[in-house]
Amino acid sequence: ARTLWTLVRKTAAGFESLGIKKGDRVLVFLPMIPPLYVTMFALEHLGAIPVFLDGWARRDELGVSAEIAEPKGIVTFPQAFALIQEIPQLASLSIRVAFGGDVPQTVRLETLMQTVAERGTEPVEQEDTALITFTTGSSGRPKGADRTHRFLAAQHYALNRHLPYGV
């Protein structure tokens, strides 16, 4: 837990050095691996809002999702940058972070994880958006679901009653 906390604080400082701040939305398009969680926690640590795109979405749906979310940046794997070059709403993002390889005009997530400084937690309100998830849009236009900090806390406590966490 201590290692994760340190990694989150360092990564948050790295995101902050790129210009990410409270209220900014950042697209996160990574598989369910540990760097996904470090990225999500680091952004939330800054009061920024991770926006999760559906991995099954078609290219045009990704553009619609980006248009709705109005992100400041994206965190994804190198192969995805070739895909997003064809989507104007994504290709124009100024903050581009790649995990797992070098891509021109991007910063490596691994570099942000090694930032020397550690960022303190930005205070947020219970009703502030904590994260946004998008549907695929299979029945029409993709829809974003805003999850507040209050919602995530309630979800945590409900799950904990039925699946208690061990130490």
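The following legends describe close-up views of a predicted model. Residues are numbered from 1 along each chain as its sequence is written, and side-chain values use heavy atoms, with hydrogens and water left out. In this predicted model, local features need pLDDT of at least 70 and side-chain atom pairs count only at pLDDT 80 or more, whereas totals for chains, interfaces and linings use all residues.

**View 1. Confidence along the chain.** The mean pLDDT (the predictor's confidence in each residue, from 0 to 100) of the chain is 89, and 93% of its residues reach 70 or more. Among the elements, helix α3 (residues 59-69) has the lowest mean pLDDT, 80, and helix α6 (residues 109-113) has the highest, 97. Helices (H or I, at least four residues) and strands (E, at least two) are DSSP runs, numbered from the N terminus.

**View 2. The seven-stranded sheet.** The strands of this open sheet follow the order β5-β4-β3-β1-β2-β6-β7, with mixed pairing. Its edge strands, β5 (107-108) and β7 (144-148), each pair on one side only. Two strands are taken to pair if DSSP finds at least two bridges between them. Strands of a sheet pair through backbone hydrogen bonds, either parallel or antiparallel.

**View 3. Strand β2 and its neighbours.** Strand β1 (residues 25-29) runs parallel to β2, and four bridges join the two; R25 stands opposite I49 of β2. On β2 (residues 49-52), both faces are covered: I49 and V51 on one side and P50 and F52 on the other are all buried. Here buried means under 20% relative accessible area, with exposed over 50% and partly exposed in between (1.4 Å probe, protein chains only). Strand β6 (residues 129-134) pairs with β2 in the parallel sense over two bridges, with T133 as the bridge partner of F52. β6 and β7 pair in the antiparallel sense over five bridges, and T133 has A145 as its bridge partner in β7.

**View 4. Helix α2 in a β-α-β unit.** Together, β1, α2 and β2 make a right-handed β-α-β unit; right-handed means that, with the strands pointing away from the viewer, the path from the first strand over the helix to the second runs clockwise. Helix α2 (residues 34-46) has 13 residues and reaches 19 Å from its first C-alpha to its last, close to the 18 Å expected at 1.5 Å a residue. The expected span is 1.5 Å times one less than the number of residues. Ten of the 13 residues of α2 are buried, so the helix is largely enclosed by the rest of the structure; among them are P35, L36, M40 and L46. G47, which follows α2, has a positive phi, near 85°.

View 5. Helix α1 (residues 2-17) contains T11. This helix has 16 residues and reaches 23 Å from its first C-alpha to its last, close to the 22 Å expected at 1.5 Å a residue. Its buried residues are V8, T11, A12, A13, G14 and F15, and what covers them includes α2, β3 (73-76), β4 (95-98) and α6. T11 has a relative accessible area of 0%. The side chain of T11 reaches the backbone oxygen of L7 at 2.7 Å. Leaving aside neighbours within four places in sequence, T11 is in contact (heavy atoms within 4.5 Å) with V38, A42, L109, L112 and M113. α1 is followed by G19, whose phi is positive, near 105°.

Technical notes: Polar contact = N/O pair within 3.5 Å; in protein donor to acceptor, adjacent residues only side chain to side chain.
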